[in-house]
Amino acid sequence: MTPNPRALDRPGGPTYMATIHEAALRIEVGGRTVLREQLAHLLHLADKRNITVRAIPFSAGAFPGSGQSFLYAYGEVPSLDTVQLDRTSVAEFLHTSTQLRKFSLQLDQMERIALSESRTRDLIRSIMQQL
């Protein structure tokens, strides 16, 4: 699930952190031109004050949760926290404390191994130059 760009652009808009594996940055769905445009858009988003884009490089190796896409939505009322798992046919929503704890730990691990914001931008630019 991607955020509504208008919601992110408004004054006081919510913060959004995207952690993307290098494989997803390199996959050419739609061809090289489309990928180049997608990467340019990521760089544009990464310049916004409330959006953080970080990449997990191939060199980080395996990590818990690799191979699945999920969104961890949280806010001021912890009992409303939810994880959305992307499945091939439907999204699954998780909200028990055990499930949330599992995905919180996965996010912590992903943040530890992800490149910094500036190194992520460098990686994206490098991929763009290779196209």
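A nonpolar core here is a set of buried Ala, Val, Leu, Ile, Met, Phe, Trp, Tyr and Cys residues joined through side-chain atoms within 4.5 Å, and buried means under 20% relative accessible area, exposed over 50% and partly exposed in between, with a 1.4 Å probe and protein chains only. This is a predicted model, in which local features need pLDDT of at least 70 and side-chain atom pairs count only at pLDDT 80 or more, while totals for chains, interfaces and linings use all residues. Residues are numbered from 1 along each chain as its sequence is written, and side-chain values use heavy atoms, with hydrogens and water left out.

- Leaving aside neighbours within four places in sequence, L123 is in contact (heavy atoms within 4.5 Å) with E22, L25, R26, A55 and L115.

**The sides of helix α4**

- In α4, the residues L100, F103, Q106 and M110 are buried.
- These four cover an arc of only 125° around the axis, which puts them on the same side of α4; the arc is that of the directions from the helix axis to the C-beta atoms.
- The buried residues of α4 pack against β1 (16-21), β2 (51-56), β3, β4 (82-86) and β5 (91-94), whereas the face turned away from the buried side carries the exposed residues S97, T98 and R112.
- Q106, found in helix α4 (residues 97-113), has a relative accessible area of 7% and, leaving aside its neighbours within four places in sequence, is in contact with P64, G65, Q68 and F70.

**An aromatic pair**

- A search of the whole structure finds two aromatic pairs, a pair being rings of Phe, Tyr and Trp (its six-membered ring) whose centres lie within 6.5 Å, with planes under 30 degrees apart counted as stacked, over 60 as edge-to-face and the rest as tilted.
- The rings of F70 and F103 have their centres 4.8 Å apart and their planes at 65°, so this pair is edge-to-face.
- Because F70 lies in strand β3 (residues 70-73) and F103 in helix α4, the pair ties together parts that are 33 residues apart in sequence.

Technical notes. Helices (H or I, at least four residues) and strands (E, at least two) are DSSP runs, numbered from the N terminus.
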